[in-house]
Amino acid sequence: MTLAQQQYLELLRAGLWSKSADQSLFQGEVDWKAILRTSHQQTTNIIVADGIDTLPPSLCPPKKRIFKLAIRRTENTLMHELLNTTLNQAVQALNAEGIWSILLKGQGVANNYINPQSRMCGDIDLYVGEENFERACEVLKKEGATGSHDYDNHEFHIALDLEGATIEVHKKADVLNDRALNRSLQQWTKEKLDAKIADGSLPGWDNNGVLINLPDPTYNAFYIIHHAVRHLIGEGIGLRHVCDWTTYVHTHHSQIDKEELLSKLTEYNMLEAWQLFGNIAVHAIGLPAEELPFMSDTQLTPKAEILLQHIFSTGNFGRYSEEKRDSKSNYIKRKWHNFWFQMSRLFKLHRIFPAYTRAFGWSWFTGALRRFFTRK
């Protein structure tokens, strides 16, 4: 790793775990522009700002950079308040119509951070199941949400805008690219989410007086990392995704059914990804090793280092990759460029976790051909 990357990770650990950063790393050369650029690309700006707060003034960035971080911290705090208010509005509207919902990721995951408002905001993901999907969307639209009415073309979820926030209403919590394995995952989802919401055994979060249902801990430990891996292969992720999973495992490791989780990670070709992300979580981000199941490496492994550098190089959702997708050429050139862009990503990541990448790649390839000929 470069010196700037090491310094960035030290500040990330300090902010994430509320501990003092190692001052010796900042007493020599410090490229604050590079550190703060990385924190922006990895969508960890506020966590790193929390880490900077632990340094003495003489070692902090110039005042103009501190001022910019202060503005972003205020903006993020206001966005958290908006998302929590909108979440309550949506859940209460659904409850009034007898429609249950379960919060995925987002604000529910933020609560695992020592300071929830340090997590960069995203959107609101509500799982309602297939049976309630269309009715839930219509209820939210009566609340003022805007978005598509074409429910049949949304196999996974639909995005609606309500009060300045995006709500993704999920008919499926997650999907796998292999059809047989996906059938197994949908069945597991019904057992761990649908059935448990019915008997009232899911964990809950009191969001300013409104009870928000959260996923089963064993399911969620898998779900959060699988969501990250799917985005990693499809476009790219920031270290915020890894921090989300890391803080979740830290908070809920004692509630996870390790035997069941190991069975599902193995069945869904995710065990190697779990171990590689875990290697980064322990040796780069600071998760106590004893809290992470199925991990035995005593240092950052070569594969984990490759994965970490890939995350550094592409940034959140791949927006900072040197080989960016083409959105300006004519249709044929754009499709051809984007095809090779994605193929190069698949080849790189195949070295890291081959089994999952093969399953993802075949599904993506057949889908790409279908989209090319249907011009979708």
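# A chat about the cavity, cores and loops

Reader: Which helix gives the most to the lining of the largest cavity?

Author: Helix 14 (residues 354-374) does, with three residues. Helices here are DSSP runs of H or I with at least four residues, strands are runs of E with at least two, and both are numbered from the N terminus. This is a predicted model, where local features need pLDDT of at least 70, side-chain atom pairs count only at pLDDT 80 or more, and totals for chains, interfaces and linings use all residues. Residues are numbered from 1 along each chain as its sequence is written, and side-chain values use heavy atoms, with hydrogens and water left out.

Reader: OK, what counts as a cavity?

Author: On a 1 Å grid over the protein atoms alone, a cavity is a set of points where a 1.4 Å probe fits but cannot get out, and its lining residues have an atom within 4 Å of a point. Points are joined across faces, edges and corners, and the volume is the space filled by probe spheres set on them.

Reader: How many cavities of 30 Å³ or more turn up?

Author: One, from a search of the whole structure. The largest cavity has a volume of about 50 Å³.

Reader: What lines the largest cavity?

Author: Leu 176, Asn 177, Asp 178, Leu 181, Tyr 268, Asn 269, Tyr 356, Ala 359 and Phe 360. By class that's six nonpolar, two polar and one charged. Nonpolar covers Ala, Val, Leu, Ile, Met, Phe, Trp, Tyr, Cys and Pro, charged covers Asp, Glu, Lys and Arg, and the others, Gly among them, are polar.

Reader: Switching topic: how many residues are in the largest nonpolar core?

Author: It has 81, and Leu 239, Phe 277 and Ile 285 have the most contacts inside it. Helix 8 (residues 217-234) supplies the largest share, ten residues. Apart from this core lies another of 27 residues, including Ala 90 and Val 139. A nonpolar core means buried Ala, Val, Leu, Ile, Met, Phe, Trp, Tyr and Cys residues joined through side-chain atoms within 4.5 Å. Buried is under 20% relative accessible area, exposed is over 50%, and partly exposed is in between (1.4 Å probe, protein chains only).

Reader: And what does Leu 239 touch?

Author: Not counting residues up to four places away in sequence, Leu 239 touches several, among them Tyr 8, Gln 42, Ile 285 and Phe 312. A contact is heavy atoms within 4.5 Å.

Reader: Why is helix 3 called largely enclosed?

Author: Because eight of the eight residues of helix 3 (residues 45-52) are buried. They pack against helix 1 (3-17), helix 2 (32-41) and helix 4 (63-96).

Reader: Where is Lys 105, and is it buried or exposed?

Author: Lys 105 is in the loop between strand 1 (102-104) and helix 5 (106-110), and it's buried, at 15%. Its phi is near 55 degrees, a positive value in a residue other than glycine.

Reader: What about Asn 208?

Author: Asn 208 isn't a glycine either, and has a positive phi of about 55 degrees. Asn 208 sits in the loop between strand 6 (204-207) and strand 7 (210-213), and is exposed, at 70%.

Definitions and conventions. On a 1 Å grid over the protein atoms alone, a cavity is a set of points where a 1.4 Å probe fits but cannot get out, and a pocket is an open set with protein on both sides within 12 Å along at least five of seven lines; lining residues have an atom within 4 Å of a point.
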